[in-house]
Amino acid sequence: MSAPTIAEIDLGNLARNACAIRQAVKPARVICVVKADAYGHGAIPVTRRLLEHGFDFFAVARLTEALALRDAGIGAPILIFGRLCPEEIPAALQNDFRITIFSAEDLDWIEAARPGEPASVHVKIDTGMGRVGVLPEGAPELFTRLAGSRAVTVEGLYSHFATSDEADLSYARGQLSSFRELVAAALQAGLRPPLIHMSNSGGILALPEANFTAVRPGILLYGHYPSSAVARSIPARQVMSLKARVSHLRSLPAGSSVSYGRTFSAPRPSKIAVMAAGYADGVDRRMGNRCRVLISGQTFPIVGRVTMDQIMADVTGSDVKAGDTALLWGEAPGGSISLLEVSEAIGTISYELTCGVGPRVPRVYAG
């Protein structure tokens, strides 16, 4: 390994996942979500690889993320999910970013900026997420105003599922029904958005009737199912493999405790491997005493609390040695550890863990 901890990014797996999604949802267009530095995988190399395979529309959360892609020479359409401040509108217009409209106020700001060409916008409808977007009762009036504005072209209309990754899809189906009604209202107001999109990764897997003319895969692109409740109807290979070097080994007598708080005591004379990765690298502190590592094809329990720079595993009875590579999640020649397994063991989601891999962890690209 080139560093004590690395995140190997398999761009071949990324491309395979994206192509499998495209095949499953066609003829719907695939809007690839690369916000949060492509969920920790590296937005620029991820986007470049997806472009090579014919994907030509991307989405981010913030203006700065979109600008970073433009600065890297990526000229494809980019939708910004987050609301822009008035002072950000000129840069968004200059770079031909797709601006999300949340209310009439957003349209006011665009019109005040006097774009030379109409701005391409996507209207966000809140059908039950309760976070952002125009509420259904205010949508018809906004649609009418948008249809009459010379400052914008409505390219898209979208909403977002709140529970598409759960076993009970009744709420999601209610959101879908509400969205269909609002799409009809938009058409009645004279809007003809070519991109109508609602499905995130969970929706793609569970609600194919919600594909409309575009879908927005996020975590599924990176090889993870959003929960264990969703159907695994599309094959997915993990793109990130988090690995750490075994820095040294300790032989501890029975009864010895390991790490802060003494949450683990050796039940017998034990061989403990210390690995150079901790919560500063993205190894969640809750993984201690709950998760495992893979070393040379064998799995071993993480013992004691995860510290800032190190974790420990009980490798008693093995031939593990200093310099060996431990897999925390992802894929390795000797096996794999599912990030979904890890996330559910500690009560979180895969998204949080990949996004949490710290900047001091080098991304090593392959495939």
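Buried residues make up 53% of the 367 residues in the protein. The model is a predicted one. Its chain forms 11 helices and 20 strands. The C-alpha trace spans about 80 × 45 × 35 Å along its principal axes.

Me: Why is Ala36 called partly exposed?
Reply: Its relative accessibility is 36%. Buried needs under 20%, and exposed needs over 50%. The value falls in between, so Ala36 counts as partly exposed.

Me: How do you know whether Asn289 is buried, partly exposed or exposed?
Reply: Set its 38% relative accessibility against the cut-offs of 20% and 50%. The value lies between them, so Asn289 is partly exposed.

Me: How do you know that the length of helix α1 agrees with its residue count?
Reply: Helix α1 covers residues 11-25, which is 15 residues. The expected span is 1.5 Å times one less than the number of residues. That gives 21 Å. The end C-alpha atoms are 21 Å apart, so the two agree.

Me: Which residues of α1 are called buried?
Reply: Leu11, Gly12, Asn13, Leu14, Ala15, Asn17, Ala18, Ala20, Ile21 and Val25. The label requires under 20% relative accessible area.

Me: What makes Asp10 a cap of α1?
Reply: A side-chain oxygen of Asp10 lies 3.0 Å from the backbone nitrogen of Gly12. A polar contact needs N or O atoms within 3.5 Å.

Me: Where is the cis peptide bond, and what is its omega?
Reply: It joins Lys26 and Pro27, with omega about 10°. Pro27 belongs to the loop between α1 and β2 (29-30).

Me: How many cavities of 30 Å³ or more does a search of the whole structure find?
Reply: The search finds 1. The largest cavity has a volume of about 40 Å³. Its lining is Leu84, Ile89, Ile99, Thr100, Asp106, Trp109 and Ile110. Two elements, β6 (98-101) and α6 (104-112), each give two or more residues. α6 gives the most, with 3.

Me: How is the lining of the largest cavity divided by class?
Reply: It has 5 nonpolar, 1 polar and 1 charged residues. Asp counts as charged, so Asp106 is the charged one.

Me: What lines the largest pocket?
Reply: The lining has 30 residues; Lys35, Met129, Arg131, His160 and Asn200 lie nearest the centre. α2 (35-39), α9 (201-206) and α11 (350-355) each give two or more. α2 gives the most, with 3 residues. By class, the lining holds 16 nonpolar, 8 polar and 6 charged residues. The pocket contains about 650 Å³ of space.

Me: What share of the contacts with a separation of 6 or more joins residues 24 or more positions apart?
Reply: Such pairs account for 66% of those contacts. Each contact requires heavy atoms within 4.5 Å.

Definitions and conventions:
Residues are numbered from 1 along each chain as its sequence is written. This is a predicted model: local features need pLDDT of at least 70, side-chain atom pairs count only at pLDDT 80 or more; totals for chains, interfaces and linings use all residues. Side-chain values use heavy atoms; hydrogens and water are left out. Helices (H or I, at least four residues) and strands (E, at least two) are DSSP runs, numbered from the N terminus. Buried means under 20% relative accessible area, exposed over 50%, partly exposed in between (1.4 Å probe, protein chains only). A polar contact is a pair of N or O atoms within 3.5 Å; within protein, one must be able to donate a hydrogen and the other to accept it, and residues adjacent in sequence count only if both atoms are side-chain atoms. On a 1 Å grid over the protein atoms alone, a cavity is a set of points where a 1.4 Å probe fits but cannot get out, and a pocket is an open set with protein on both sides within 12 Å along at least five of seven lines; lining residues have an atom within 4 Å of a point. Grid points are joined across faces, edges and corners, and a volume is the space filled by probe spheres set on the points.
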